[in-house]
Amino acid sequence: MDKAVKVALQEFRMNLSRREYKFFAFVLPAVLLVIVFLMAFGGRQFSLAEFSLMKKSYYFFAFPSTIAMVFSLAIFLSANFMLQGIAREKENKILEILVSSVSFRQLLTGKILGLAMLGLIQFFVWVMVGTIAIAVIAPEIFLRLFSSFFATWVIGLYFLLFVLGYLLYAALLAAIGVLTETRGEAQQIGSLLTGFALVPALSTMFITGDSTSLYAKAITLFPLTSPITAMIRIFLRTITIEEIVASLVLLLITTILVVLATARIFRAETLMYGKKFSIRELVNFIIKG
Amino acid sequence: MPSVVVDDIFKAYANVEAVSGVSFKIEEGEVFGLLGPNGAGKSTIIRLILDFIEPDKGKIEVLGGKFSEKTKEQVGYLPEERGLYEDITVMDNLLYLAGLKGMNAFGARKKAIALLERVGLKEKAKEKVNALSKGMRQLAQICATLIHEPALLIFDEPFSGLDPNNRELVKQIIKQEKKAGRTIILSTHMMNEAEEICDRVLMINNGRRVLYGDVENVKNSYASHSIFVEFEGSFPQLSGVEKADVRNNSAELSLRIDTDPQGILRQLVDSGVIVRKFDVKELSLNQIFIRVVEAEKWIKQ
């Protein structure tokens with residue numbers, strides 16, 4: 001078995017047992033399902049007509065906002081484990097032992113893969129729970145959505161956006177973990193990034209209200225906010241094909257560049273021996289290797 | 001065939017030479033001491049051997065060639081700063097690290113149990129590392145270093161933080177591993193331990209090689225710089241002596257580095273003193289180490 005896979009399995013195993021992961025990936029979806037089933041058995045279901053009325057309500061943004069929050073947290077939880085893992089391994093000094101057994105490339109790849117598995121589990125759990133919830137609480141909408149190709153296409157797009165969003169955040173947080181000295185410093189800088197991840201979820205009412213605004217277009221294209229914004233606008237069917245393509249292309253290019261740059265700084269001097277580089281040196285390093 | 005060949009390596013950090021023109025060979029099956037004070041460059045040399053960092057100049061060969069992914073599986077490394085995953089069990093740590101060295105799960109488990117038994121930690125196998133004392137964690141980490149039966153072992157300060165019993169245990173382990181045919185690099189500033197178990201040594205100071213060779217030869221080359229004399233008569237002033245501890249009928253003399261003991265004997269005889277005993281003392285590695293470091297300081301000044 002390739003060593004990157006062994007690292008991936010270890011990252012997966014160690015983080016699967018974490019309380020915050022189990023709560024968000026399993027407990028919360030289970031609670032939601034229980035609520036939904038209780039509502040359905042209590043006779044409370046939503047028809048297509050009711051849904052159309054709700055769309056006109058001021059509070060409708062809560063729907064896409066919830067979806068955005070769920071997927072933002074799913075991306076960010078897994079990516080944050082990357083930051084915490086590297087910072088912890090630096091603190092525990094286990095990095096030297098790991099690097100005496102695997103290459104830096106295998107270590108970074110293994111970590112990204114292992115945490116991606118965790119992220120994907122969350123993604124599929126929430127997609128399944130969401131699908132079951134719609135089927136139970138709004139069967140008319142469920143039939144309409146899933147009888148067309150649209151639903152599969154949407155889930156496929158959501159999957160792509162989720163994976164790219166995760167890779168981007170995971171690579172960025174890995175870089176932060178490498179370049180910071182202490183776990184505290186890493187967490188502080190990582191929290192700044194959380195801000196970007198939550199921008200779409202927190203500004204849903206602006207996107208729902210006027211999805212052709214410059215603000216909505218901008219955060220659809222900006223890589224750090226594009227995965228979740230695109231998901232919201234796809235749900236609301238207020239995004240054009242051109243915007244989807246542009247957002248995906250920008251996201252893909254940015255993700256590739258960030259992953260490559262992180263791979264270049266994932267090395268002994270920065271990872272294990274805390275060598276501080278100036279911004280110029282770092283840029284030189286990333287470009288020239 | 002030598003296990004490690006280091007040829008004229010240089011490594012600088014921010015214009016400070018951490019290692020400068022160091023060359024040495026480590027023969028297969030020997031215990032090689034890499035000695036020196038803190039900041040001498042020992043850890044840098046180890047990182048260069050392990051290919052964590054690259055030399056600015058020079059060449060290093062490990063186990064017959066350039067360091068590769070395959071070489072990693074044949075090397076066991078115990079770093080100076082210890083670390084295992086704190087929130088998983090000792091056994092899980094050992095199995096994971098053994099897996100990264102290419103071992104299969106079944107073989108790794110069997111070997112892990114045997115090693116834990118050897119260091120007295122068999123009952124602790126299922127406990128989380130954060131529940132162990134510092135000494136136990138270090139012993140657990142030594143097991144992680146040995147589990148894949150590597151051809152080359154590198155121990156960086158293996159005795160630090162250990163009580164005398166565990167220090168003795170680690171010495172025994174090193175001797176047993178040597179008997180099993182492994183090559184061992186022991187980096188330490190604990191000269192007494194090094195003297196007891198090393199076959200050959202390399203002493204580093206300020207990134208440069210200051211002593212190199214068999215422990216006995218190194219000690220013999222410094223033997224002539226300490227003399228014990230028993231005498232009758234009045235002890236004269238002697239030239240070429242750094243320090244003289246004179247009592248009624250005996251004196252302990254520390255000679256300057258360039259002083260020949262025969263010259264001291266001639267001075268004593270010429271002064272009329274009756275020499276009853278003239279003993280050229282063997283210095284310990286520790287005393288040699290202190291001398292060399294002080295001499296370098298003196299030369300610098």
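Rings of Phe, Tyr and Trp (its six-membered ring) pair if their centres lie within 6.5 Å; planes under 30 degrees apart count as stacked, over 60 as edge-to-face and the rest as tilted. By this rule there are 18 aromatic pairs over all chains.

Before the tour, some notes on the model. This is a predicted model, in which local features need pLDDT of at least 70 and side-chain atom pairs count only at pLDDT 80 or more, while totals for chains, interfaces and linings use all residues. Residues are numbered from 1 along each chain as its sequence is written, chains are lettered from A and ligands numbered from 1 in the order in which they are written, and side-chain values use heavy atoms, with hydrogens and water left out.

**Stop 1: a ring pair in chain A**

Select Phe123(A) and Phe162(A). Their rings form a tilted aromatic pair, 5.0 Å centre to centre with 40° between the planes. The pair links distant parts of the chain: Phe123(A) belongs to helix H6 (residues 104-137) of chain A and Phe162(A) to helix H8 (residues 149-179) of chain A, 39 residues apart. Helices here are DSSP runs of H or I with at least four residues, strands are runs of E with at least two, and both are numbered from the N terminus.

The terms have cut-offs: buried means under 20% relative accessible area, exposed over 50%, and partly exposed in between (1.4 Å probe, protein chains only).

Now widen the selection. Phe71(A), Phe123(A), Phe124(A), Tyr158(A), Phe159(A) and Phe162(A) are linked by ring pairs into a cluster.

**Stop 2: Thr220(A)**

Select Thr220(A), which is in helix H11 (residues 214-221) of chain A. Thr220(A) is buried, with a relative accessible area of 0%. Which backbone oxygen does the side chain of Thr220(A) reach? It is that of Ala216(A), at 2.5 Å.

Show the surroundings next. Apart from neighbours within four places in sequence, Thr220(A) is in contact (heavy atoms within 4.5 Å) with Ser226(A), Thr229(A), Arg233(A), Ile239(A) and Ser247(A).

**Stop 3: where chain A meets chain B**

Show both chains. Here 23 residues of chain A are in contact with 25 residues of chain B. The area buried between chain A and chain B is about 2400 Å², with carbon and sulfur atoms giving 59% of that area. Buried area is the accessible area (1.4 Å probe) that two parts lose on being put together, summed over both.

How many salt bridges are there between chain A and chain B? The count is three, a salt bridge being a side-chain nitrogen of Lys or Arg within 4 Å of a carboxyl oxygen of Asp or Glu. To see one of them, select Asp87(B) and Arg88(A), whose closest N and O atoms are 3.7 Å apart.

Colour the elements on the side of chain A that touches chain B. Those giving two or more residues are helix H1 (3-16), helix H4 (62-91), helix H5 (95-99) and helix H14 (268-271) of chain A. H1(A) gives the largest share, five residues.

**Stop 4: chain B as a whole**

Chain B has ten helices and 13 strands. Its C-alpha atoms fill a box of roughly 80 × 45 × 35 Å, taken along the principal axes. Of the 301 residues of chain B, 50% count as buried. Among contacts in chain B with a separation of 6 or more, 69% are between residues 24 or more positions apart.

**Stop 5: a ring pair in chain B**

Select Tyr85(B) and Tyr96(B). Tyr85(B) counts as buried at 1% relative accessibility, and Tyr96(B) counts as buried at 7%. The ring centres of Tyr85(B) and Tyr96(B) are 6.1 Å apart and the planes stand at 45°, so the pair is tilted. Tyr85(B) lies in the loop between strand E5 (75-78) and helix H3 (90-100) of chain B, and Tyr96(B) in helix H3 of chain B, so the pair ties together parts eleven residues apart in sequence.

**Stop 6: two loop residues with positive phi**

Select Asp51(B), in the loop between helix H1 (42-49) and strand E4 (57-62) of chain B. Asp51(B) is not a glycine, yet its phi is positive, near 65°. Asp51(B) is partly exposed, with a relative accessible area of 35%.

End at Glu157(B), in the loop between strand E6 (152-156) and helix H6 (164-179) of chain B. Glu157(B) has a positive phi of about 50° although it is not a glycine. Glu157(B) is buried, with a relative accessible area of 3%.

Note on methods: Polar contact = N/O pair within 3.5 Å; in protein donor to acceptor, adjacent residues only side chain to side chain.
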